[in-house]
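This briefing is meant to be read with the sequence and the structure side by side. Please look at the structure first, and then follow the notes below one topic at a time.

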Amino acid sequence: MAGWNGLDITNAEYFSDVPLFMADAANSIPPKNSGKKRILFVMSDTGGGHKASAKAIVGALDELYPGKYECEIKDIWTDEGVFPSNKLVPIYQFAAKNPWSWRAIYYGGDFPPSRKIFECTTMMTCGQKFEAYFRAFNPDIVVSVHPLCQHIPINILKRMGGGVRKVPFVTVITDLGSCSATWFNKEVDKLCVPGDQIEQLALRNGIRPYQIRKHGLPVRKGFWQAAE
């Protein structure tokens, strides 16, 4: 499993292959602040639950460990993806209004051949830009709060580590009763599930019991304490 020591970025040769249009995004990220761990939350803003969950976790970290962590919530697909992958948000909005499209997307993600095609295609088309961002941000831990943010980030972290992932990776599932198989990647360090049903789905999809943590859904501060 990956440790908390972060990643020593020494492969300057990589950036010689990065197109010039990526440079501004990479250079806009401030250098690491001494003494602060960097946490990168990856997601796509397809519905309110993903970003809300990330914000709830950031709020809890700020409350419990003030000044200790530097957090970034990144819509990785919209900001760093290429067409049509950078259009996931409008695609989601269209699918939400057209049940036939929603079913096609959902069951396509659960069907291993179509899921593999999607993963390989997006890795080829978006992988370089995603990796440029990851190297620039240089996270100490990556947290996914979206079903399409497991495969590429994990493989990028492995490539950044010379074939061995050195940065911890955590998935926080934001669905309650059921969820897509795209949430589950056997290489995660921890998988946070909201309840028993998702836990059983995780086990059926090859996640080991020691990887699973059952904590409920992340909620913002206003819901942390029961009403008096």
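In this predicted model, the buried residues of helix α7 are covered by elements that include α3 (76–80), α6 (112–137), β3 (141–144) and β4 (169–172). Helix α7 itself spans residues 151–160 and is mostly covered, with seven of its ten residues buried.

**Helix α7 and what follows**

- The residues of α7 that are buried are His151, Ile152, Pro153, Ile154, Ile156, Leu157 and Met160.
- Just after α7 comes Gly162, whose phi angle is positive, at about 70 degrees.

**The nonpolar cores**

- The largest nonpolar core has 32 residues, and those with the most contacts inside this core are Ile76, Trp77, Phe134, Val142, Ile173, Phe184 and Leu191.
- At least two residues of this core come from each of β1, α3, α6, α7, β5 and α8 (196–204), and α6 gives the most, with six residues.
- A second, separate core has 14 residues, among them Ala54, Ile57, Leu61 and Ile141.

**The largest pocket**

- The largest pocket has a volume of about 910 Å³, and of the 31 residues that line this pocket, Ile105, Tyr106, His146, Pro147 and Leu148 lie nearest its centre.
- The elements that give two or more residues to this lining are α2 (48–64), α4 (88–97), α5 (99–110) and α6.
- Sorted by class, the lining of the largest pocket holds 14 nonpolar, 15 polar and two charged residues.

**The second largest pocket**

- The second largest pocket has a volume of about 630 Å³ and is lined by 21 residues, of which Ile57, Leu61, Val172, Cys192 and His215 lie nearest its centre.
- At least two residues of this lining are supplied by each of β1 (37–43), α2, β3, β4 and β5 (190–193), and the largest share, four residues, comes from α2.
- Sorted by class, the lining of the second largest pocket holds 19 nonpolar and two polar residues, and no charged residues.
- Ile57 and Leu61, which are among the residues nearest the centre of the second largest pocket, also belong to the second, separate core.

How values were computed:
Residues are numbered from 1 along each chain as its sequence is written. This is a predicted model: local features need pLDDT of at least 70, side-chain atom pairs count only at pLDDT 80 or more; totals for chains, interfaces and linings use all residues. Side-chain values use heavy atoms; hydrogens and water are left out. Buried means under 20% relative accessible area, exposed over 50%, partly exposed in between (1.4 Å probe, protein chains only). Contact means heavy atoms within 4.5 Å. On a 1 Å grid over the protein atoms alone, a cavity is a set of points where a 1.4 Å probe fits but cannot get out, and a pocket is an open set with protein on both sides within 12 Å along at least five of seven lines; lining residues have an atom within 4 Å of a point. Grid points are joined across faces, edges and corners, and a volume is the space filled by probe spheres set on the points. Ala, Val, Leu, Ile, Met, Phe, Trp, Tyr, Cys and Pro count as nonpolar, Asp, Glu, Lys and Arg as charged, and the others, Gly among them, as polar. A nonpolar core is a set of buried Ala, Val, Leu, Ile, Met, Phe, Trp, Tyr and Cys residues joined through side-chain atoms within 4.5 Å.
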